[in-house]
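Me: I would like to go through this structure with you. Could we begin with the overall picture and then move on to the details?

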Amino acid sequence: MTSILQRIADRTRVQRQSPANWLGRSSTRCIGIDLDIDIIRVSSLGRSSSHTKHRGKYVWNTYNQIQLPSLVADGPSVGSEKSAANNEIDSPQRLGEWISNVIELLPRSVDSFRNAVSISLPPSWTHYGMVRQSELAAANENCDAMFRGSIFRSDAHTRSWDAGKQTDHVMMASVAKQPTLDLARRIRSLGYEICGIFAQGMALGGAAHSLTTLNPRCVAVLGKDGGTISMLGCDPDAGKPTGLCRQLRGLPPASRSSFSQLMSLEDLQPWLDQTAQDIGATLDYANRLNQVWEDHAVDARPVMIAGDLAPIPGLDVAIASRIQKPVAVWRFASDERPLSTTVPTPASVDATAAVSLSLAHLSASLLRRGSR
């Protein structure tokens with residue numbers, strides 16, 4: 001892997017046409033690995049070969065949800081919004097312990113399959129920012145200094161893309177370079193072929209339409225430890241992503257420690273009001289940039305929510321009433337699901353698996369492009 005987020009700027013174009021035949025070959029798995037502080041989610045996708053109405057559609061082949069050992073500590077936060085994820089790893093030694101736990105618990109392949117994988121880091125480990133194009137070099141230096149002064153003890157690896165069609169502002173996504181390279185090297189040693197390690201928002205925007213059949217105005221991952229809102233579109237002239245990504249806050253520590261998808265909406269306050277306000281403000285700012293929506297049809301496009309909080313009963317309605325926009329919970333479009341997984345796969349699991357499924361879709365897109 002020559003760079004960490006090398007493909008962010010030119011590999012996230014939404015694909016509408018059918019993938020090439022390689023995806024139907026039994027020798028290749030398209031995999032997404034969604035890493036969080038306390039859990040790993042792994043999904044694989046394929047294409048249906050059955051002679052039914054589902055022929056040629058994406059099939060959710062496997063899903064694994066793997067609990068990681070707890071790491072509880074205090075530490076400095078990276079990024080504009082403090083997240084508990086960083087507080088649970090307070091030193092480079094703890095970071096190394098977390099990486100070792102991931103490597104120890106990731107599924108191994110015991111056959112001759114080609115395992116093409118796209119990976120996302122915990123959302124709080126990505127720093128998003130927006131600056132003018134003329135300020136980008138200085139912003140890169142600031143990101144280097146920020147990551148060197150954190151538990152990561154590393155320069156940043158930063159990619160940028162246009163924030164909108166009619167603005168000189170650019171979005172930035174930065175991760176810690178050396179720990180991410182180390183993680184990639186060790187995952188590759190398990191037999192995975194790494195397509196890339198991506199900021200969470202990069203996978204979500206390009207996959208939502210293909211995997212859910214809805215065409216959302218944005219995708220918001222709502223996780224107990226923090227999340228991401230992705231409003232990425234594609235500039236048809238440049239063939240590159242354009243739009244906004246930002247972090248979303250996690251639950252307060254007291255709520256996080258007692259988290260359950262059976263929580264009531266009252267249990268989610270004040271997080272619910274604050275998160276709805278963040279989503280609404282991001283939508284308003286995107287409209288001011290005039291970078292995505294140019295007709296009234298956008299009013300019917302929902303805000304799509306995913307992540308481990310999304311299945312909480314009534315959360316979609318509560319957010320919709322606060323932002324005055326339609327809201328839909330992320331749901332995989334096909335009825336063909338994993339037959340045997342480490343967890344059941346009711347509809348509520350779809351939103352939790354959305355990031356790993358989106359990453360698997362990204363693996364499929366990247367492999368198809370590489371075969372051209």
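This is a predicted model: local features need pLDDT of at least 70, side-chain atom pairs count only at pLDDT 80 or more; totals for chains, interfaces and linings use all residues.

Me: How many helices and strands does the chain have?
Reply: The chain contains 9 helices and 15 strands. It has 372 residues, of which 55% count as buried.

Me: And what share of the contacts is between residues 24 or more positions apart?
Reply: Such pairs make up 73% of the contacts in the chain with a separation of 6 or more.

Me: Let us turn to β4. Is it mostly covered or uncovered?
Reply: Strand β4, residues 114-120, is mostly covered, with 6 of its 7 residues buried. On one hand it is joined to strand β1 (residues 28-35) by 7 bridges, and the two run parallel. On the other hand, 6 bridges join β4 to strand β8 (residues 192-198), again in a parallel arrangement.

Me: Which residue is the bridge partner of Ile 31 in β4?
Reply: That partner is Val 117. Val 117 also stands opposite Ile 194 in β8.

Me: New topic: the nonpolar cores. Which residues have the most contacts inside the largest one?
Reply: They are Leu 222, Leu 268, Ile 279, Leu 315, Ile 319 and Trp 330, in a core of 68 residues. Helix α9 (residues 347-370) provides the largest share of this core, 12 residues. Apart from it lies another core, of 38 residues, which includes Val 42, Ile 66, Ile 99 and Ala 156.

Me: What does Ile 319 touch?
Reply: Leaving aside residues up to four places away in sequence, Ile 319 touches Leu 222, Leu 272, Ile 279, Ile 305 and Val 327.

Me: Now the open sheet. In what order do its strands come?
Reply: The order of its 5 strands is β13-β10-β9-β14-β15, with mixed pairing. At the edges stand β13 (245-248) and β15 (327-329); each has a single partner strand, so one side of each is left without a neighbour in the sheet. From one strand to the next, the twist averages 20 degrees.

Me: How many bridges join β14 to β15?
Reply: There are 3, between strands that run parallel, β14 covering residues 303-306. Val 303 has Val 327 in β15 as its bridge partner.

Me: And which strands does helix α7 touch?
Reply: Helix α7 (residues 271-289) packs on the sheet and touches β9 (218-221), β10 (227-230), β13 and β14. Its direction makes about 170 degrees with that of β13.

Me: Where does helix α8 lie?
Reply: Helix α8, residues 315-323, lies across β14 and β15, and it runs at about 160 degrees to β15.

Terms used:
Residues are numbered from 1 along each chain as its sequence is written. Side-chain values use heavy atoms; hydrogens and water are left out. Helices (H or I, at least four residues) and strands (E, at least two) are DSSP runs, numbered from the N terminus. Buried means under 20% relative accessible area, exposed over 50%, partly exposed in between (1.4 Å probe, protein chains only). Contact means heavy atoms within 4.5 Å. Two strands pair if DSSP finds at least two bridges between them. A nonpolar core is a set of buried Ala, Val, Leu, Ile, Met, Phe, Trp, Tyr and Cys residues joined through side-chain atoms within 4.5 Å. Axes are lines fitted to C-alpha atoms, for helices over the stretch in contact, and angles run from 0 to 180 degrees between N-to-C directions.
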